[in-house]
Amino acid sequence: MAGSNAASKDGKKSKPMPKKQLQHFEKRLLEERKRVLKELGHHGEAFGPNGDADGDTSAYSFHMADQGTDAMEREKAFLFASQEGRFLFHIDQALRRLYKSPETFGKCHQCGEDIAFERLDALPHARYCFACKQREEDAKKG
């Protein structure tokens, strides 16, 4: 994988992130992870024993409109849960990178350059610098 070592394009070895910043990002990732798990628990209630998010204990809706609403609510809950599940996966991957090789955490997986602090603070699970992510997005569009 290009950029997986700590050397940048020009051959100079870039410095690892300071320990204080690593601790900051670890805290941010753990907070996000806790929030996502809480959200997943909330969405999991919609898939409970009766599959009802509104607390109605009957297994059948009495009106067709109620059945449609129940189905739509279950679909929405599933969609949100699957999105949060993907987000949790990315957070866990970032935590693994942070613990396994802290010297390369915060380095772009494409070019090896440092990912801007502002970008990592907003998206602590980011794997690419802004320029490389922008190229990836542009390639998907075209």
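## Salt-bridge network

Lys133, Glu136, Glu137 and Lys140 are joined in a network of salt bridges, a salt bridge being a side-chain nitrogen of Lys or Arg within 4 Å of a carboxyl oxygen of Asp or Glu. Helices here are DSSP runs (H or I, at least four residues), numbered from the N terminus. Lys133 is partly exposed at 26% relative accessible area, and Glu137 is partly exposed at 30%. Buried means under 20% relative accessible area, exposed over 50%, and partly exposed in between (1.4 Å probe, protein chains only).

## Basis of the model

This is a predicted model, in which local features need pLDDT of at least 70, side-chain atom pairs count only at pLDDT 80 or more, and totals for chains, interfaces and linings use all residues. Residues are numbered from 1 along each chain as its sequence is written, and side-chain values use heavy atoms, with hydrogens and water left out.

## Other salt bridges

The structure holds seven salt bridges. Among them is the pair Lys107 and Asp114, with an N to O distance of 2.4 Å. Lys107 is buried at 4% relative accessibility, whereas Asp114 is partly exposed at 46%.

Arg35 and Glu32 form another salt bridge, at 3.2 Å, N to O. Both are in helix α1, three residues apart, about one turn of the helix. Arg35 is partly exposed at 35%, while Glu32 is buried at 18%.

## Nonpolar core

The largest nonpolar core has 19 residues, and those with the most contacts inside it are Met17, Leu29, Phe105, Cys108, Leu120, Cys129 and Cys132. α1 (19-44) and α2 (64-100) each supply at least two residues of this core, with the largest share, five residues, coming from α2. A nonpolar core is a set of buried Ala, Val, Leu, Ile, Met, Phe, Trp, Tyr and Cys residues joined through side-chain atoms within 4.5 Å.

## Cysteines

The structure holds zero disulfides, a disulfide being a pair of cysteine sulfur atoms within 2.5 Å. Cys111 is in no disulfide, and the nearest cysteine sulfur, that of Cys108, is 3.8 Å away. Cys111 is buried, with a relative accessible area of 13%.

Cys132 is buried too, at 6%. Its sulfur is 3.6 Å from the closest cysteine sulfur, in Cys129, too far for a bond. Leaving aside neighbours within four places in sequence, Cys132 is in contact (heavy atoms within 4.5 Å) with Cys108, Gln110 and Cys111.
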